[in-house]
Structure formats: structure tokens, C-alpha cells
Amino acid sequence: MDFKYILALHVIFVVCWFAGLFYMVRLFIYTKEANEKEEPAREILTTQLTLMQKKLWFIITWPSAIGTFIFGGWMLLLNLSYYISQPWMLLKLIFVGLLALYHLQCHVFYKQ
């Protein structure tokens, strides 16, 4: 596969992953606010928001994270000597690791 296609897929998955992470936190906030409302609004909103969280997390965010790592790793392996020699690559990989930890922490919040 051409490098440009791998790069394009990597960027698409990164954008989807970020969108999922940002919106998931917003859904957590909406759920907390819904729990403070009176019945029947609390039950209706909580049920809907819980369903939205599940779909966002397992249909968009997790697959996007996996795709990001697959295509990013693939690009890294194709040009390993070039990327390892670049000073910004270590910094980028550190930030990617921190983002992965943030993703896992959001998963902990989701399970709660």
C-alpha cells in the first residue's frame, strides 16, 4: 500500500479518536447533570445518554484508537530509520502515550 494512503487513514483515525474522546467527556457531564433532574426527566435522559455513551465508545472511539495505532505503527515501521532520527518523534510518541493513558482513564469513568 502506498505511504500516502496509510498516512491518510492514520489522520482520519486520529481525528475520529479525538472527536470521540472530547465528546465522551461532554456526555459524562450531561449524564451528571441529568442525574440532578426530577423524574421522569432523569430516567429518560439517563437512559438516552447511557446509550449514546455506549455507541460512541465502542463504535467510534475504541475502533478509531486501534486504527490510529495500527496505521501509525505501520508508518513508523516503513520509515523507522528516518523517524527515529527526528527529534520531534520522541516527543510525539510521549504525547501519544499520554493520550492513550487518558483514553484508558475515560474507559474507567465509562465503566463507573
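Student: Which residues does Leu-21 touch, not counting residues up to four places away in sequence?
Tutor: Contact means heavy atoms within 4.5 Å. Setting aside residues up to four places away in sequence, Leu-21 touches Trp-57, Thr-61, Leu-99, Tyr-102, His-103 and Cys-106.

Student: What kind of model is this?
Tutor: Residues are numbered from 1 along each chain as its sequence is written, and side-chain values use heavy atoms, with hydrogens and water left out. Local features need pLDDT of at least 70, side-chain atom pairs count only at pLDDT 80 or more, and totals for chains, interfaces and linings use all residues; the model is predicted.

Student: What pattern does the chain follow along the sequence?
Tutor: Helices (H or I, at least four residues) and strands (E, at least two) are DSSP runs, numbered from the N terminus. Read along the sequence, that gives the pattern α-α-α-α.

Student: What radius of gyration does the chain have?
Tutor: The C-alpha atoms fill a box of roughly 60 × 25 × 15 Å along the principal axes. The radius of gyration is taken over C-alpha atoms, and the globule rule is 2.2 Å times the number of residues to the power 0.38. For a compact globule of 112 residues the value would be near 13 Å, but this chain has 18 Å.

Student: What percentage of the contacts with a separation of 6 or more comes from residues 24 or more positions apart?
Tutor: Take the contacts in the chain with a separation of 6 or more. Among these, the share from residues 24 or more positions apart is 80%.

Student: What percentage of the residues in the chain is buried?
Tutor: Buried means under 20% relative accessible area, exposed over 50%, and partly exposed in between (1.4 Å probe, protein chains only). Of the 112 residues in the chain, the buried part is 27%.

Student: How much of the accessible surface belongs to carbon and sulfur atoms?
Tutor: Accessible areas come from the Shrake-Rupley method with a 1.4 Å probe, and for residues only the protein chains shown count as cover. The chain's accessible surface comes to about 7700 Å². The part belonging to carbon and sulfur atoms is 73%.

Student: Which residues have the most contacts inside the largest nonpolar core?
Tutor: A nonpolar core is a set of buried Ala, Val, Leu, Ile, Met, Phe, Trp, Tyr and Cys residues joined through side-chain atoms within 4.5 Å. The largest one here has 13 residues, and those with the most contacts inside it are Trp-17, Leu-21, Met-24, Trp-57 and Tyr-110.

Student: Where does the largest share of this core come from?
Tutor: Helix H1 (3-35), helix H2 (41-78) and helix H4 (87-111) are the elements that give two or more residues to this core. The largest share is six residues, and it comes from H1.

Student: Is His-10 buried or exposed?
Tutor: His-10 belongs to helix H1. Beyond its neighbours within four places in sequence, it is in contact with Thr-68, Phe-71, Gly-72, Met-75 and Lys-92. Its relative accessible area is 11%, so His-10 is buried.

Student: And Gln-53, is it buried or exposed?
Tutor: Gln-53 is found in helix H2. Not counting residues up to four places away in sequence, Gln-53 touches Met-24, Leu-27, Phe-28, Thr-31 and Tyr-110. Its relative accessibility is 7%, so Gln-53 counts as buried.

Student: How many Å separate the C-alpha atoms of Met-89 and Val-108?
Tutor: Met-89 lies in helix H4 and, at 6% relative accessibility, counts as buried. Met-89 and Val-108 are 19 residues apart along the chain, and their C-alpha atoms are separated by 29 Å.

Student: Which residues does Phe-58 touch, not counting residues up to four places away in sequence?
Tutor: Phe-58 lies in helix H2. At 42% relative accessibility, Phe-58 counts as partly exposed. Setting aside residues up to four places away in sequence, Phe-58 touches Pro-63, His-107 and Tyr-110.

Student: Which peptide bond is cis, with omega near 0°?
Tutor: Look at Pro-40, in the loop between H1 and H2. The cis bond, with omega near 0°, runs from Glu-39 to Pro-40.
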